Amino acid sequence: MIQPTTTTVTLTADRDWLASRHGTDSTETITLDLTKYTKSTHYVEPTAAGPHGFVRSGVPVGRITASGLYGAYDPAATDGRQVLAGLVFAEAAFTSGQTKIPAALLWHGTAKASKIPGGIDVTKIAANPAAAQIRFLAVS
């Protein structure tokens, strides 16, 4: 017999990178490709004690041209991730073995550059009409 179960995952929002609430009312739904992120820097893996992992809030992302999924922003990439699409707005939970994760994208607003998970060199963000409209502040 199969017994359906329901699980609720509660994460505490850690948005110390967010400099203002501007733009938080109009996030977009995206799908992250977990294979394009770095463990411990961009995400926390599920464990026996905590069966849900999560991609950190504030991680910069770019849209992968071939798949339409989103990976970690990388100004040196050539697969589309070199264009900053925005920041993961809220922690995105996932279970072991899951590689495609739904998330919310903050594509315009203000962020503290020094608080971005994994860091970001704002001098390497190239102007692009498809890029995010995020102003990065140099405050800590």
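Q: In which strand is the place of G86?

A: This is a predicted model, in which local features need pLDDT of at least 70 and side-chain atom pairs count only at pLDDT 80 or more, while totals for chains, interfaces and linings use all residues. Residues are numbered from 1 along each chain as its sequence is written, and side-chain values use heavy atoms, with hydrogens and water left out. Strands are DSSP runs of E with at least two residues, numbered from the N terminus, and the run at residues 86–88, which holds G86, is strand β6.

Q: Is G86 buried or exposed, and at what relative accessibility?

A: Buried means under 20% relative accessible area, exposed over 50%, and partly exposed in between, with a 1.4 Å probe and protein chains only. G86 counts as buried because its relative accessibility is 0%.

Q: Which residues is G86 in contact with, leaving aside its neighbours within four places in sequence?

A: Contact means heavy atoms within 4.5 Å. With those sequence neighbours left aside, the contacts of G86 are V59, P60, V61, L105, L106, W107, A132 and I134.

Q: How far apart are the closest N and O atoms of R81 and D79?

A: A salt bridge is a side-chain nitrogen of Lys or Arg within 4 Å of a carboxyl oxygen of Asp or Glu, and the structure holds two. R81 counts as buried, at 13% relative accessibility. In its salt bridge with D79, the closest N and O atoms are separated by 2.9 Å.

Q: Which residue does K39 meet in a salt bridge?

A: K39 is partly exposed, at 45% relative accessibility. The side chains meet at 3.7 Å, N to O, and the partner is E45.

Technical notes:
Helix = DSSP H or I, 4+ residues; strand = E, 2+ residues; numbered from the N terminus.
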